[in-house]
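Subject: Structure handover and findings

Hello,

Here is the structure I promised to pass on.

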Amino acid sequence: MTTLSTATAIVPPHALALDGFALSGTIPARMEKLARRLLRARNPDCAVVKRLRRLRHASADGLGHLTVRTPDRAQRLHYRFGTSDEDVIWQIFGGGDYDLTRLRRFDDIGRLVERRAAAGQRPLIIDAGANIGVSAVFFALTFPTAVVVAIEPEAANFTLLERNTQGLGVHCRRAALSAEAGHATVHDGGEGPWSFRTEKAAQPGGGVPCLTINDLFAAHAGPDVFPFLVKIDIEGGEEDVFGRNTQWVAQTPVIITELHDWLLPGQRTALPFLRCISALDRDFVYLGEDVFSIDNRLAD
């Protein structure tokens, strides 16, 4: 049995530094922060600030770029100016949407990862609704021994997902998350690149393949890899994922999901999740847009 270093099993998010976005101490970032103060523009959607960022951080291909640094590595991220890509970066690296250290249960979660690392086991993280890969990069850098599987159905987002996760060993799958195998079509939700939704394909074989978490666990978990975290942000698709074939839920210490009743009123998209989770011994914590469901047997 190989013992993994517990010192490298978790990198705290506060150890990450960003160059090329107003979330770091670099001169360009300070200039952007100064512009915000002068314009009294705290919102990252400020048009003037976005123009300033475009002038300073555009690549030859017209994309914006930033570098995320840890004590051991640097990862380049590319994004599209003036789109929800920028909001995703702010939410994850500025707002800490998926920062588990915000949870009072983080000590329990950290001990679980370290205990498994001492036994030679790596955590498995499923990132469903991975968009351009910002969340996948965050998970891969903060849990550097993890096996990360990133799922994104939309073609342009997926291209950036693959590009942004290069060198991190992330398994990228262009697919839709579902409760059962099949195919799905991709539809524009009208709110930018982070709003694409999927529906079951009318014809067999049409659209993108559907993947289930049970199958992903079967393919990637094993003696040296344990199910650890599943993040789901699929614009209402959680109604299907938590509606049936949910054996994986009891196997997953941490589940993060955004519920979308606010987006799809009257469609009860959150109801299957609430029914599924309420039947199990798990904490239910709402932070920002996301629900954190944490198994109360972490110490077992």
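Does Arg-244 count as buried, partly exposed or exposed, and at what relative accessibility? Arg-244 counts as partly exposed, because its relative accessibility is 35%. Its side chain meets that of Asp-240 in a salt bridge, 3.0 Å from N to O. More on salt bridges below.

Before that, one caution: this is a predicted model.

Overall picture

The chain has 10 helices and 14 strands. Of its 300 residues, 52% are buried. Take the contacts between residues at least 6 apart in sequence: 66% of them join residues at least 24 apart. The chain exposes about 13,800 Å², and carbon and sulfur atoms supply 51% of that area.

Strand E12

Start with E12, residues 254-258. Here 5 of the 5 residues are buried, so the strand is largely enclosed by the rest of the structure. Val-254, Ile-256 and Glu-258 point one way. Ile-255 and Thr-257 point the other way. Both sets are buried, Glu-258 and Thr-257 included.

E12 pairs with two strands that I want to point out. E11, residues 225-232, runs parallel to E12, and 4 bridges join them. In that pairing, Val-230 stands opposite Ile-255. E14 runs antiparallel to E12, with 5 bridges between them. There, Ile-256 has Phe-292 as its bridge partner.

Helix H10

H10 covers residues 271-278, and its buried residues are Pro-272, Phe-273, Cys-276 and Ile-277. Viewed down the helix axis, these buried residues fall within an arc of 120°, so they line one face. An α-helix has 3.6 residues a turn, so residues three or four places apart point the same way. Arg-275 and Ser-278 are exposed on the other side of H10.

What does the buried set of H10 pack against? The partners are helices H8 (238-241) and H9 (247-251), along with strands E12, E13 (282-287) and E14 (290-295).

There is also a nonpolar patch on the surface, formed by Leu-274, Phe-284 and Tyr-286. Together these residues have about 300 Å² of accessible area. Phe-284 sits in strand E13. It counts as partly exposed, because its relative accessibility is 41%.

Salt bridges

The structure holds 9 salt bridges. One of them joins the side chains of Arg-105 and Asp-283, at 2.8 Å from N to O. That pair links distant parts of the chain, 178 residues apart. Arg-105 is in the loop between helix H3 (84-94) and helix H4 (106-118), while Asp-283 is in strand E13. Arg-105 counts as buried, at 14% relative accessibility. Asp-283 is partly exposed, with a relative accessible area of 27%.

Asp-295 and Arg-297 form another salt bridge, and their closest N and O atoms are 2.8 Å apart. Elsewhere, salt bridges with shared partners join Arg-105, Asp-108, Arg-111 and Asp-283 into one network.

Positive phi

Glu-235 has a positive phi of about 55°. It lies in the loop between E11 and H8. Glu-235 is buried, with a relative accessible area of 11%.

Arg-268 also has a positive phi, near 55°. This residue is in the loop between E12 and H10. Is Arg-268 buried or exposed? Arg-268 counts as exposed, at 60% relative accessibility.

Ser-135

Last, Ser-135 in helix H5, residues 134-142. It counts as buried, because its relative accessibility is 4% and the cut-off for buried is under 20%. Which residues does Ser-135 contact, leaving aside its neighbours within four places in sequence? They are Ile-92, Tyr-98, Asp-127, Ala-130 and Lys-231.

Best regards

Definitions and conventions: Residues numbered from 1 in each chain as written. Predicted model: local features only at pLDDT ≥ 70, side-chain atom pairs only at ≥ 80, totals over all residues. Heavy atoms only, no water. Buried < 20%, exposed > 50% of the residue type's maximum accessible area, 1.4 Å probe, protein only. Arc of directions from axis to C-beta. Contact = heavy atoms within 4.5 Å. Patch = residues over 30% accessible without salt bridge, like charges linked within 9 Å, V, L, I, M, F, W, Y side chains within 5 Å. Areas by Shrake-Rupley, 256 points an atom, 1.4 Å probe, with all protein chains shown as cover. Salt bridge = Lys/Arg side-chain N within 4 Å of Asp/Glu carboxyl O. Pairing = 2+ DSSP bridges.
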